[in-house]
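Here is a short report on one protein model. Look through the structure first, then read on.

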Amino acid sequence: MVTKSASTAQPGSAHPMPRVSTRVAAIAPSATLAVDARAKQLKAQGRPVIGFGAGEPDFPTPAHVVQAAIAAAKDPANHRYTPAAGLPALRAAIAQRAQIDAGYHTEAANVLVTNGGKQAVYQAFATLVDPGDEVLLPAPFWTTYPEAIRLAGGVPVQVFAGASQGYKVTVAQLEDARTPATKTLLLCSPSNPTGAVYSPAELVEIGQWALSNGIWVISDEIYQHLTYDGVRAQSILAHVPQLADQTVVLNGVAKTFAMTGWRVGWMTGPTDVIKAATNLQSHLTSNVSNVSQQAALAALTGDMTIVETMRQAFDHRRKIIVAMLNEIDGFNCPLPQGAFYVYPDVTGVLGRTIAGIEVTTSAQLAKVILDEVEVAVVPGEAFGPSGYLRLSYALGEEDLITGVRRIQELLAR
């Protein structure tokens with residue numbers, strides 16, 4: 001006979017069970033999506049809000065990719081389950097692009113196609129990290145990383161690099177943060193939220209440090225094609241190939257091909273890790289939508305001209321937004337070399353009274369900007385320490401100029 005203990009008592013008893021698990025209840029909402037949702041809600045109310053929150057290209061998905069999806073939807077073969085790891089042709093194309101674009105070799109068998117880049121992030125940490133394992137997390141960082149680490153039972157250890165360092169951590173900082181519990185380093189280059197790109201020399205130094213200390217590297221390279229000023233973003237594995245047995249690379253089509261809504265990402269890595277992550281995915285979501293996979297295949301194997309067109313447009317916007325933000329007294333905005341974000345240091349503004357409010361944090365500053373001039377930006381608290389704002393320049397040029405001009409006028413009052 002089974003007897004109910006106090007820990008399983010029903011609601012209304014002395015010790016009611018929580019309605020939501022402690023693990024899931026502890027997850028913080030995505031700050032970037034929350035800002036974007038708030039901006040869209042205000043727009044729906046008729047307010048002229050300009051949103052710099054979402055990292056989403058304003059371009060349509062390339063026409064040949066859309067046509068491939070239409071054709072795929074008509075093919076009954078795509079109406080069925082397919083391998084959890086992904087369509088063989090897509091996995092092969094991903095492996096080929098890794099060599100061409102990222103400069104490292106992998107086999108199709110070492111590729112797992114995921115439902116967007118976020119699933120790849122989650123599964124990478126879930127596969128590698130045990131409870132209590134520490135993960136070195138260079139800050140500023142994308143909002144999802146610490147939550148995915150905690151869901152895996154890991155402990156995120158922030159390693160902060162400010163604007164004076166170009167938002168890039170050094171090996172000396174990583175070594176200072178390393179403990180016997182350190183298992184993994186998260187590396188994102190080009191970076192969300194800062195747009196920083198690690199140089200080949202910096203990647204070599206970090207890669208050799210990780211190799212010598214037996215530390216796993218999870219390298220998020222989803223902004224790989226979006227670089228500027230002649231900078232090329234290659235994988236850490238291109239510079240330290242010996243690290244391949246302890247590195248998982250994450251990527252996807254969302255940013256490069258304006259395919260955020262298609263939900264196709266991937267991870268590559270050692271055979272045992274990819275096999276384990278595939279087993280996890282087989283229970284979690286089965287395979288990715290076959291129509292989306294066929295669209296991704298068309299993107300990776302088709303004409304890349306549109307990618308260069310988008311990159312050039314982002315480059316033009318990048319120069320405009322950096323110049324305009326640096327005109328604001330108290331803003332220090334480095335010129336990013338990758339992605340489509342700027343990350344100004346706004347500590348020079350904090351402590352001022354703006355619109356009758358004494359602003360002491362970047363979260364307060366972001367709220368005042370939204371309330372007073374209807375411009376949505378993401379505060380630095382979402383990505384690490386206070387004192388910064390993230391603005392995406394993946395929106396149209398006219399909105400970009402209008403939005404920053406509103407901020408200029410507000411802070412010049």
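Where does Tyr-167 lie? Tyr-167 sits in the loop between β4 (155–160) and α7 (171–177). Keep in mind that this is a predicted model.

## Positive phi angles

Start with Tyr-167. Its phi is positive, at about 60°, although Tyr-167 is not a glycine. Tyr-167 counts as buried because its relative accessibility is 7%, and buried means under 20%.

Ala-258 also has a positive phi, of about 55°, and is not a glycine. Find Ala-258 in the loop between β7 (247–252) and β8 (265–268). Ala-258 is buried, with a relative accessible area of 7%.

## Cis peptide bonds

Ala-139 and Pro-140 are joined by a cis peptide bond, with omega at about 5°. Pro-140 belongs to the loop between β3 (134–139) and α6.

Ser-189 and Pro-190 are also joined by a cis peptide bond. Here omega is about -5°. Pro-190 is placed in the loop between β5 (182–188) and α8 (200–212).

## A buried strand residue

Now turn to Ile-218. This residue is in strand β6 (residues 216–220). Is Ile-218 buried or exposed? Ile-218 has a relative accessible area of 0%, so it is buried.

What does Ile-218 touch, beyond its neighbours within four places in sequence? Its contacts are Ala-124, Phe-125, Leu-128, Thr-184, Leu-185, Leu-186, Leu-187, Val-248 and Leu-250. Take Thr-184 from that list. Thr-184 and Ile-218 are 34 residues apart along the chain, and their C-alpha atoms are separated by 7.2 Å.

## Salt bridges

Side chains of opposite charge can pair when their charged atoms come close. How many salt bridges does a search of the whole structure find? The search finds 13.

Asp-101 pairs with Arg-97, and their closest N and O atoms are 2.8 Å apart. The two residues are 4 residues apart in helix α4 (residues 88–102), so about one helical turn separates them. Both Asp-101 and Arg-97 are buried. Arg-150 and Glu-147 form a salt bridge too, with the closest N and O atoms 3.2 Å apart. About one helical turn separates Arg-150 from Glu-147, because they are 3 residues apart in helix α6 (residues 144–151). Arg-150 is partly exposed at 44% relative accessible area, whereas Glu-147 is buried at 15%.

Glu-175 and Arg-178 meet through their side chains in a salt bridge of 2.8 Å, N to O. Glu-175 is partly exposed at 32% relative accessibility. Arg-178 is partly exposed as well, with a relative accessible area of 31%. Salt bridges also link Asp-229, Asp-315, Arg-318 and Lys-319 in a network.

## Two helices side by side

Compare helix α12 (residues 305–325) with helix α14 (residues 397–411). Their axes come within 10 Å and cross at roughly 10°. So α12 is roughly parallel to α14. On α12, the contact is made by His-316, Arg-317, Ile-320, Ile-321, Met-324 and Leu-325. On α14, the contact residues are Glu-397, Leu-400, Ile-401, Val-404, Arg-405 and Gln-408.

## A nonpolar surface patch

Which residues form a nonpolar patch on the surface? Val-20, Val-24 and Ile-27 do, with about 220 Å² of accessible area together. Val-24 lies in helix α1 (residues 22–25). Its relative accessibility is 40%, so Val-24 counts as partly exposed.

Note on methods. Residues are numbered from 1 along each chain as its sequence is written. This is a predicted model: local features need pLDDT of at least 70, side-chain atom pairs count only at pLDDT 80 or more; totals for chains, interfaces and linings use all residues. Side-chain values use heavy atoms; hydrogens and water are left out. Patches are made of residues with over 30% relative accessible area and no salt bridge: like charges are joined within 9 Å, nonpolar side chains (Val, Leu, Ile, Met, Phe, Trp, Tyr) within 5 Å. Accessible areas come from the Shrake-Rupley method with a 1.4 Å probe; for residues, only the protein chains shown count as cover. A salt bridge is a side-chain nitrogen of Lys or Arg within 4 Å of a carboxyl oxygen of Asp or Glu. Buried means under 20% relative accessible area, exposed over 50%, partly exposed in between (1.4 Å probe, protein chains only). Axes are lines fitted to C-alpha atoms, for helices over the stretch in contact, and angles run from 0 to 180 degrees between N-to-C directions. Angles under 35 degrees count as roughly parallel, over 145 as roughly antiparallel, 65 to 115 as roughly perpendicular and the rest as oblique. Contact means heavy atoms within 4.5 Å.
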